[in-house]
Amino acid sequence: YAPVSKLTNSRFLEWYFLAANVKYEAKLKRSALFKVDCMLCNAHDVHRDVIRYKEQRRTSEFDDSSFLSNFGMAINEYSKRENIMTYCGGVNMAWRRMYNGTLFTEEGIWFSGRLVAGSAFQVIVIFALPIVVSILMPVVLEQIRNGWTQDSEQPVDEESMDDTTAKTQIAVGIGTAFAFLVAVGSTYLYLPSVVATTMKFRRGVLPSLRSEDLLHRYRFALDQTTLVLGGMFWGLMISSLVVGILAGGFAYLLMWETTQRFILGVVGNLFGLCVILVVKIFVMQVIRFTHYAAFYRKKPLSANVISICLECYSIGISIWFMMVRAIKIVIISALYLGRTDTPLFASGVGIFGPLEIDNWPTVTRKEILIHEAHRHPYIETLGYLYMMQLRYRDGFANRANSAWRLVFVLALMPWLHKYRDITRPEHFGTSKKNRSEGFASLEMQMQEDVVMDLISIGEPSPTNTGPGSNRLMRQSMVSARWQTSMDTTRSSSIVQSNNAEVLGDKARIANLKREIARLQSELTSLEEADEH
């Protein structure tokens, strides 16, 4: 075997491990920095618009009211930008961003090994399909010709056999062409579809953390993700074969003398139906503009007569509509056999309790969410902070850093505080138990918000004897008053739970509002004392 020194100095191993995995990790960290930079730039743009607005009003004074108005105007300006969206692109843009690397360095998309290997197998299917058909078709035709010759007691008509062989070759060629196109299309769409699904999860288009699907479907039976690789390969193979058989079979039936007349009749009827539909569209456009206004009829009598005529027309023509619908459903089902990344049924269709008829899209989404839980750019950054904290202990992310982070974030992006309140709404139930649980959750939320804002400012140093020490003493006094008030509130909540029938929900909510107002007034007085 090779010495250890040769293995450690191998350029191939260095390229294999460093170029593939480590560079991919570095791109994810770059994407996290890019996203944070975008947030800061957007927040700067919001405040810059506020400053421009103040300059237009020619106001140069700076006091508490103007400072608070900056926050209000920033939140108002941010609300105006809520409808501004970024175009994420489609299939071509996804492949373009994969090629130039921005999909990894800006969006932080991670393709798992299963998806990469499955895509490689799909490419193999694309090239192997026409090669295998071209090799096997002469052998199969020769076997069929020999079988006809051996089974037939009478001499076989060579001309008829040659004609049948030529028709079979044409039908197989047409089927192979359609199968090849389906394989190319499915492979071309698979990875961009995974990217789109990942972006939908991140943007909230597909509910994740607060959805029932995450609790009961996506977080359950994660071992099913091992089916993704086989599903990508065999799904594409079977989908291509089914489409090829349908296309080639239709072409053969159209050329075969026994079924040619029937198939031509069906095709002629469908063509005539298309002509009728085109004429109907033009006629109905005129009738709609002259007889209807949205949900109302301008001419009720003539509109009723036209409706009766259309109903009589639909009774005779609907059989062809149903036939066309059946053909479309069969073709769509054949095309989507290999698209395990995209649901074939609408949301909620095909789900009977824990049983899901087509669970392949759910399996693919599990694969996406597993790697999102480990490779999301923000989770990468959060994990980096945790590791730095474990490495440097008190020398990293101390309370002073936490206080600066709060000041920086709340000053630059005050809407984050509003968003936190919106994402944690108060839930009050109808029963006594639910009401007590709702009150307890509100109490914990109030305690967490206020106490953390007071304590996270920092601890006094032993040599600190200036105004900061008085401020910290006032904070401790307010914290003590807060704890005392919370104890009183907790005891009063016990009395209220015993007399719930007397007080009622309105009185309890009024008490909570008064308590919150009192706490806010104490915090306001503390801030004013700090400023003076």
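Guide: A salt bridge here is a side-chain nitrogen of Lys or Arg within 4 Å of a carboxyl oxygen of Asp or Glu. The model under discussion is predicted.

Visitor: By this rule, how many salt bridges are there?

Guide: The rule pairs a nitrogen of Lys or Arg with a carboxyl oxygen of Asp or Glu. Applied to this model, it gives a count of 13 salt bridges.

Visitor: What is the N to O distance in the salt bridge of Arg375 and Glu380?

Guide: The cut-off is 4 Å. The side chains of Arg375 and Glu380 meet this criterion, with N and O separated by 3.8 Å.

Visitor: Is Glu380 buried or exposed?

Guide: Buried means under 20% relative accessible area. Because its relative accessible area is 14%, Glu380 is classed as buried.

Visitor: Which helix holds the residue Glu25, with which Arg375 forms a salt bridge?

Guide: The closest N and O atoms of Arg375 and Glu25 are 2.1 Å apart. This pair links distant parts of the chain, 350 residues apart, with Arg375 in helix H12 (residues 360-375). Glu25 lies in helix H2 (residues 11-57).

Visitor: Is Arg375 buried or partly exposed?

Guide: The limit for buried is under 20% relative accessible area, and exposed begins over 50%. Since Arg375 has 22% relative accessibility, the class is partly exposed.

Visitor: With which residue does Glu257 form a salt bridge?

Guide: The closest N and O atoms of this pair are 2.5 Å apart. Glu257 is in helix H10 (residues 257-291), and the partner, 90 residues apart, is in helix H7 (residues 158-203). The partner is buried, with a relative accessible area of 13%; the residue is Lys167.

Methods. Residues are numbered from 1 along each chain as its sequence is written. This is a predicted model: local features need pLDDT of at least 70, side-chain atom pairs count only at pLDDT 80 or more; totals for chains, interfaces and linings use all residues. Side-chain values use heavy atoms; hydrogens and water are left out. Helices (H or I, at least four residues) and strands (E, at least two) are DSSP runs, numbered from the N terminus. Buried means under 20% relative accessible area, exposed over 50%, partly exposed in between (1.4 Å probe, protein chains only).
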